[in-house]
Amino acid sequence: MIRKVDNQGIQGHSGPMKTVKLGANIGARIDDVQIGGDLPDEIVHEINEALLEHEVVFFRGQHHVDEKVQYAFAERLGIPTTPHPTVRSRGTRTLAIDSTYDKADSWHTDVTFVDRVPKASILRAVHLPPYGGTTTWASATAGYEQLPPAMKALAESLWAVHTNIYDYAATAAEKSVTSTAERYRAEFRSEYFEVEHPVVRVHPETGKRAILLGHFAKSFPGLSSTEFRALFELLQDRVTRLENTIRWSWELGDIAIWDNRSTQHYAVSDYDDQYRRLERITLAGDVPVSVQGEYSRVVAGDASGYSAIAS
């Protein structure tokens, strides 16, 4: 059972911690906490509780945080993974979300092309454009809960194939391709991963059900490509309807943490050719389980070098 923490104060590392709800279905800001590896256990617990309740939480004014502090904080919340299953050229502890290489301007859940989908991601603003560059998160839990009973039954019966062969040409922002971006894409695809996930997964901590899709999903076994696209868009639209989203305007010193097991996100590419860089750490997660109790199935690739499986 998750305990509500909205607008409650408890004594934290740097004063009373306050959680401010930002949207009906997703999002909260945590105030009066200076994050780091030395936070008291009680505060770490409350941050995790807020994350489970609100699915994405934001911290302002964390100007003291560098890669070392970010990693130490991540270790308090879980087990950090290596930065990425295939991209190894952009850091050993954090993954640079760098506009020079790529713009994640389509809806996705991080690294769903492996069996052990990360628990959470911790993202830190490093260099921001003078305008634009917001990020939007969507609640896959709310998307499921708002389905009518017949659609819930259909979604619960479906499985989806996810791979790391992502179609970059599908987004308008990727029509102009640089050699740097091409090298990054080649590295992203350097090892092939394929896994079958349930379209509806059961959250390991809350027991809630969420839709597991996003841009790494490629097909529904047993259905044609036309049928896949129609059903995929139908379910995706439920997740990403505006009432189920929260959009964050970044400032330097900001930290965002999201529950990767119950959300999707989209980096809005509205800053022209200005430079944007954030740094991400992911936390090890479990293997998704369906409503019927079946676990995700590996088709290709070994993710053991990327991440442990969280218990």
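Tutor: Buried means under 20% relative accessible area, exposed means over 50%, and partly exposed lies in between (1.4 Å probe, protein chains only). Take E55: its relative accessible area is 6%, so E55 is buried. One caution before we go on. This is a predicted model, in which local features need pLDDT of at least 70 and side-chain atom pairs count only at pLDDT 80 or more, while totals for chains, interfaces and linings use all residues. Residues are numbered from 1 along each chain as its sequence is written, and side-chain values use heavy atoms, with hydrogens and water left out.

Student: Where does E55 lie?

Tutor: E55 is in the loop between α1 and β4. Its phi is near 75°, a positive value in a residue other than glycine. D272 also has a positive phi without being glycine, near 55°. D272 belongs to the loop between β15 and β16. Its relative accessibility is 54%, so D272 counts as exposed.

Student: How many helices and strands does the protein chain have?

Tutor: These are DSSP runs numbered from the N terminus: helices are H or I with at least four residues, strands are E with at least two. The protein chain has six helices and 17 strands. Of its 311 residues, 57% are buried.

Student: Which residues have the most contacts inside the largest nonpolar core?

Tutor: General idea first. In soluble globular proteins, nonpolar side chains tend to be buried together. A nonpolar core is a set of buried Ala, Val, Leu, Ile, Met, Phe, Trp, Tyr and Cys residues joined through side-chain atoms within 4.5 Å. Here the largest one has 24 residues, and V33, I47, F59 and I257 have the most contacts inside it. Elements that each supply at least two of its residues include β3 (28-31), α1 (41-54), β4 (56-59) and β14 (255-259). The largest share, five residues, comes from α1. A second, separate core holds 21 residues, among them A160, I211, L231 and F232.

Student: What does F59 touch?

Tutor: Contact means heavy atoms within 4.5 Å. Setting aside residues up to four places away in sequence, F59 touches I30, V33, I35, I47, G253, D254, I255 and I257. Its strand, β4, is covered on both faces: V56 and F58 are buried on one side, V57 and F59 on the other.

Student: Which residues is A120 in contact with?

Tutor: A120 is found in strand β6. Its relative accessible area is 0%, so A120 is buried. Beyond its neighbours within four places in sequence, A120 is in contact with L51, I257, W258, N260, I281, T282 and L283. For the chain overall, take contacts with a separation of 6 or more: residues 24 or more positions apart account for 82% of them.

Student: What is the strand order in the open sheet of three strands?

Tutor: Two strands pair if DSSP finds at least two bridges between them. The order is β13-β7-β15, with antiparallel pairing. β13 (245-248) and β15 (263-267) stand at the edges with a single partner strand each, so one side of each lacks a neighbour in the sheet. β7 (residues 135-139) pairs with β15 over five bridges. Within that pairing, A138 has Q264 as its bridge partner.

Student: And which strands form the open sheet of four?

Tutor: Its order is β12-β8-β9-β17, again antiparallel. The edge strands are β12 (217-219) and β17 (297-300), each pairing on one side only. Three bridges join β9 (residues 194-198) to β17. There, E196 stands opposite R297. For a parallel case, look at β3 and β4, which pair over two bridges. A28 has V57 in β4 as its bridge partner.

Student: At what angle do helix α4 and helix α6 cross?

Tutor: Two packed helices are described by the angle between their axes and the distance between the axes. Axes are lines fitted to C-alpha atoms, for helices over the stretch in contact, and angles run from 0 to 180 degrees between N-to-C directions. The axes of α4 (residues 149-157) and α6 (residues 225-239) cross at roughly 115° and come within 12 Å. M151, L154 and A155 of α4 make the contact with L231, L234, L235 and R238 of α6.
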